[in-house]
Structure formats: structure tokens, C-alpha cells
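The following explanation is intended to be read alongside the sequence and the coordinates. Please keep both in view.

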Amino acid sequence: MSDDADKQSRAEASGRPERAKPEPPGYFEGESMTRRRALEVAVQGVGGLAGAAIVLPAVGFAVAPIFHRGKERWEAIGPVGDFVEDTYRQVVFTETESIGDAGKTTAYVRRSSKQLGEEPGKFVAVSNRCAHLGCPVRFVEAAGNFICPCHGGVYDFQGKRIGGPPVRPLDQFQTRVRKGQVEVGPRYSVTSQLEPVRARDPGEFTGGIWEYLYPPRPSTFPPPSS
Amino acid sequence: MKLDSLIPAPLRKPAKPGEGNGAKGAAPADLKTAPPERPSDAKRIAERAVEAPVDVLAWVDQRTAASGFLTGLLYRKVPKGTNWFYTLGSATLFAFIAQAVTGVFLAMYYTPSTTQAYASIAHINNDVFLGQFVHGMHKWGSSLMVILIFLHMGRTFFFGAYKYPRELNWVIGVVLLILTMTMAFTGYLLPFDQRSFWATVVGVNINGTAPVLGPYLSDFLRAGPEFGATTLSRFYAIHMLLIPVLIAALITIHLYLVVKLGTTAPPWLKAKLPEPLEKERV
């Protein structure tokens, strides 16, 4: 480009007419792209394809778990008679298989209570995972509260937040009765009014506009209908 | 030089004017009356051996021109007032190299499996010769690197060394800081004891509190909705493969820019104006 301009200006300065440039090889009247340019585009295109062939599968491989939902898992935790209305029983069960103790989690389980306005004949399984940042909470019998050791989160008997930094009530697990045994299933989160929503990670608000700011993830199970 | 006959012609040092056989103006030596003394083979080999390292270096240098590059790199000029604070960047680099070296050797004994990781770390600490020492260097070295990188950043900030034309180097430095923090975060899980497990749970959940994309970031880090079978190996791969390569590449660019742009004088040294301007100012 600059060469052409230089030549032209030099030619003008010296008052000589510019010499006609020879046509490049393969030139024809009305061509839209020179042969050199076409080859450039082709080489860059092939290079881009080769790069994409390596990068895209690798990235897909790394992000695939975001879109994968595992198998629904139910585990029996004891006969129906083991659980009462007015206090919790602590049970430990496997949430993630084949990773040993790291895959286990704790739930506090009781019968649903008429006094609290819950549907009778059901079982309530409250997760011990704090809704603040995921530390394990403990049910303190004397106070009737769940208390988190990390940052002082406090929840009432139903798992609603009554103090500290947590942003929502404690998560729950789906429950059902099979052959006289209470079984716990997938985790779900609840709003401040204890309405079930898809499971959220600790620290994420639920209900209202938060359902859009912290969207439900494809890797979680739909909440129980109620 | 008598050795000249042994050295291949292209590498031979050219004779100085007035010396050597073909020198102009010198009468050719009379080989009959003064035959040149012929050195013994042993002597020739010994002389050759002494020169060998230099020859090898010269051979490499002739093909790479590395000496010019290294001279520019190592003998560059630094401003007056350069002091110990200017060594913090090199100290951070040294900490990174120490982490890389000890990390490579720890990887020889470590098993990134949820059921075996804890036992393999216990094995390193209790059974392997110097294992506790190497593990300790890596563990404490990580804190050292984080401290040093912050001191280096503070030096750059308070000396105004981030200003034109070094803004890009500041930006690269900030990326390096983030990568270093990511290294510290992913490495913390690897011993897989109670402390590292729960710290990682909390850390991943903090990442997840970013609106909209946060929940997906958590799923990406954990490889699923809960801490799962591949979470540990994922952290391990990020910790020992992905980020070290990125850090090494960015450090190279960071250093290139340091050499290219030079360092700044400390702010308490005022630039000396040329004499006429200095008078004008008064």
C-alpha cells in the first residue's frame, strides 16, 4: 500500500507518468479477490478449524458436569416408628456414591407436626448444611434451634433463619415411606416461607427476584410439588 | 596459535594484521633453516581439552546469538537509587520456582483420589525420606509467595511504577496475582483432611454467591451439584497443570516488559533536569 503511494508520489514529483504494473498471475477482469488473498483466507480458515477441533472438545469436556444430572438416589434411614413430631433424629446417609466419607451428609429427621401447620403423615428431613457458606449445623435440643459453628447462624425448629448471616432457611431432603421404612431422596432448597424450590448452593438467596439472580442449575432435581 | 590447525576453518580466529603465515609484509618463514616445532600429540590434546568448553559455547553461540541477548538481559542499566525493594519481584519469581520444583516431586507420591489422598499425604509426611521437609517447603512456600507478591505489588504501587509506559505490566501483574490466589485455593484441598475439605466447601460457596453465573461456576469447580468423585482430581489438574503453565507464560511476558521498558527510579529521587532548564526553573 505505502509502496504504491510512494511510487505514485515520486512519479508525480518527477513529472513522469507511472509505468503500468504487470498483472499478477491468474488475474482476470472483474475478479473480487486476488489469488494471494484467497489463499490467505483459506489457510487461516483451516488453522482456525484445527484450533477449534482441539479447543472445543476440551472445553466441552470441562464444563459438561454443569449440564449433567446424576441418578436420583433414595436411602432408607429407619422404620417409621423411629421418628417423632417434637424433636429431630440425626441420620447420616450417602449423598454422593463411591467417594467414601466425603460423600456422606447428615439430615435431621422428624414427623410433620400438626401444631406447626404442616401436612400430617409426612416426614421432614432438614439438611445440616448451613445456608450461609455450607458448614455443618447442629440441632441443639435444649434451645430447639439449629446453630452453625462457623459464623453463628441460628435457625428455628423448622429450619427458618432467626439469626446470623444465613440468607435463607436450611435445605431439606425429599422423603417417602417404603415397606415401613422412611427414605430420604434428593436435596431441595426452600424460600423464607418454606416453599420448595430447586436446590441452591449455600449463600444464594431464594424466592422472588432471587430466583432469577441465582438461577436453578440443570444439575439439580426438581423440587417436590406441594 | 598452534591450535589453529585443529579447529575447523570457519571457527578459526582470524589472524591479526602483521601476524600469521599469510600476513602481508612479512617475509615467508624459511622452513628449511627454521622448521616449526611440532608439538607432541599429548600436548595438543591437552591444549584442545582446555579450550573445549569455550569451543562448545562458541558453537552454540554462533548458531543462536544467545550471548548478545543475555548480555542485554543481564547487564541492562538500572536507575540511580535502585534498592532492596526492587528485589521483591525476583523474590516472588524464586518462590514460584521453589513451588514448581517441590510440587513436581510431591506429585511423585501424591494420589488425587478421594479415598487415597489423605493416606498418600500421610505417607509423604511420615515415611518418605525428607517427605515432610519437601511438603513443608511447598506448604509454607505458598504462603511466602502470596506475601511476596503482595509486597511486590505494594512496591510497584507506592513507587508509582505502574504508570506510563508500564500499565500493561501492572495489568499482567494483577492477572498473575489472581492466578496465584487460584493456586493457593486449589492447592488447599489436596491434603484432603477435615480442614482442607471444609475450607474448600466454604470457598466454592463464596464463589457461587456471584449473581447469575455464580451457581454455574460452583458446578464447574465441583464437577457437579455436590462435592463429588472428580472434584479432587479437577482441583489437582487445575493446580498442577493448567495454572502453572499460565503463570509461567505470563511471567515470561512480565519479565520481557521489565527488560524492554526498564525500571523506575524511586520517587524520592527527583529527575535531574539539564543545566539550562535547571537554572530557568530557579
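Residues are numbered from 1 along each chain as its sequence is written, and chains are lettered from A and ligands numbered from 1 in the order in which they are written.

Among the elements of chain A, the lowest mean pLDDT, 53, belongs to helix 1 (residues 2–14), and the highest, 97, to strand 7 (residues 154–155). Helices (H or I, at least four residues) and strands (E, at least two) are DSSP runs, numbered from the N terminus. Where pLDDT is low, the predicted coordinates should not be read in detail.

Chain A comprises domain 1 (2–65) and domain 2 (75–213), with bounds that come from an automatic or database domain assignment. Taken over C-alpha atoms, the centres of domain 1 and domain 2 of chain A are 64 Å apart.

A:Cys148 lies in the loop between strand 6 (145–147) and strand 7 of chain A. A:Cys148 counts as buried because 25 other C-beta atoms lie within 10 Å; the term requires 20 or more such atoms within 10 Å, with C-beta atoms placed from the backbone. Beyond its neighbours within four places in sequence, A:Cys148 is in contact with residues including A:Cys130, A:His132 and A:Cys135, where contact means that C-beta atoms, placed from the backbone, lie within 7 Å.

The contact between the two chains takes 24 residues from chain A and 25 residues from chain B. On the side of chain A, these residues divide into 12 nonpolar, 8 polar and 4 charged. Here Ala, Val, Leu, Ile, Met, Phe, Trp, Tyr, Cys and Pro count as nonpolar, Asp, Glu, Lys and Arg as charged, and the others, Gly among them, as polar.

Chain B contains 10 helices and 0 strands. Of its 282 residues, 22% are buried. Helix 7 (residues 194–208) and helix 8 (residues 214–222) of chain B pack at an angle of about 145 degrees, with their axes 7 Å apart; axes are lines fitted to C-alpha atoms, for helices over the stretch in contact, and angles run from 0 to 180 degrees between N-to-C directions. By class, this contact has 4 nonpolar, 5 polar and 1 charged residues.

Terms used:
This is a predicted model: local features need pLDDT of at least 70, side-chain atom pairs count only at pLDDT 80 or more; totals for chains, interfaces and linings use all residues. A residue is buried if 20 or more other C-beta atoms lie within 10 Å of its own, exposed if 12 or fewer, and partly exposed in between; C-beta atoms are placed from the backbone. pLDDT is the predictor's confidence in each residue, from 0 to 100.
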